[in-house]
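This briefing describes a single protein model, grouped by topic. Please read it alongside the sequence and the coordinates.

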Amino acid sequence: MALSVEKSKNLKLNPWMKNLAMLLIWIITFCADWSSIAVLAIVHIGKYRGNFKKQMTGMVLYVVIYATVYALFLNPVYGLMQMAVALSIPVLYLYNGEKGKWEGMKWLFYIYYPAHLTILGLVRIFILSLNGFRKTIRLFPRYEAICGV
């Protein structure tokens, strides 16, 4: 959605309206998976389409910011693990810009992504519901306080 707002020439939006829409999207995604950094990275990648070096430099910059903040304020190990995103760069480099031939791939990912998050969420709920677990071990207490989890 953010990329559509940023790139759209058909929307009759003044620059301040585009900026407000981007800010609202950024705020809404704050407590989401990958926080608002994902929005910034996607918009950056879209803005520099065709320039792989600028795309990846921006993506890595946003990931470093996210990982640093996470490591300093929430969980150092998890923050450092986020840097594994750099492992995706060679795979992204192999992408030729063309749509794949198998139409089923689109539907596979449309189903897989929400399904795996749902399963992981249910596993988390099950683990945290074990007698006394939530009282003795809080996985990300500061994140839970900020996002109301």
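Of the 149 residues in the protein, 21% are buried, where buried denotes under 20% relative accessible area, exposed over 50% and partly exposed in between (1.4 Å probe, protein chains only). The model is predicted: local features need pLDDT of at least 70, side-chain atom pairs count only at pLDDT 80 or more, and totals for chains, interfaces and linings use all residues. Residues are numbered from 1 along each chain as its sequence is written, and side-chain values use heavy atoms, with hydrogens and water left out.

**Overall architecture**
- The secondary structure consists of nine helices and zero strands, with helices (H or I, at least four residues) and strands (E, at least two) taken as DSSP runs numbered from the N terminus.
- Of the contacts (heavy atoms within 4.5 Å) between residues at least 6 apart in sequence, 46% join residues at least 24 apart.
- The accessible surface, from the Shrake-Rupley method with a 1.4 Å probe and with only the protein chains shown counting as cover for residues, comes to about 11500 Å², and 71% of that surface belongs to carbon and sulfur atoms.

**Helix H4**
- Helix H4 (residues 52-73) has 22 residues and reaches 31 Å from its first C-alpha to its last; this is close to the expected 32 Å at 1.5 Å a residue, the expected span being 1.5 Å times one less than the number of residues.
- Buried residues in H4 include Met56, Met59, Val63, Tyr66 and Tyr70.
- An α-helix has 3.6 residues a turn, so residues three or four places apart point the same way.

**The loop between H5 and H6**
- Glutamine 82 is found in this loop and counts as buried because its relative accessibility is 7%.
- Leaving aside residues up to four places away in sequence, glutamine 82 touches Trp34, Val63, Tyr66 and Ala67.
- Serine 88 is located in the loop between helix H5 (76-81) and helix H6 (89-94) and is partly exposed, with a relative accessible area of 28%.
- The side chain of serine 88 reaches the backbone oxygen of valine 85 at 2.7 Å.
- Serine 88 and methionine 56 lie 32 residues apart in sequence and 9.9 Å apart in space, C-alpha to C-alpha.

**Nonpolar surface patch**
- A nonpolar surface patch of about 870 Å² is made by Trp16, Met17, Leu20, Leu23, Leu24, Trp26, Ile27, Ile28 and Leu40.
- Helix H2 (residues 15-28) gives the most to the nonpolar patch, with eight residues.
- Tryptophan 16 is found in helix H2 and counts as exposed because its relative accessibility is 56%.
- Patches are made of residues with over 30% relative accessible area and no salt bridge, with like charges joined within 9 Å and nonpolar side chains (Val, Leu, Ile, Met, Phe, Trp, Tyr) within 5 Å; a salt bridge is a side-chain nitrogen of Lys or Arg within 4 Å of a carboxyl oxygen of Asp or Glu.

Notes:
Polar contact = N/O pair within 3.5 Å; in protein donor to acceptor, adjacent residues only side chain to side chain.
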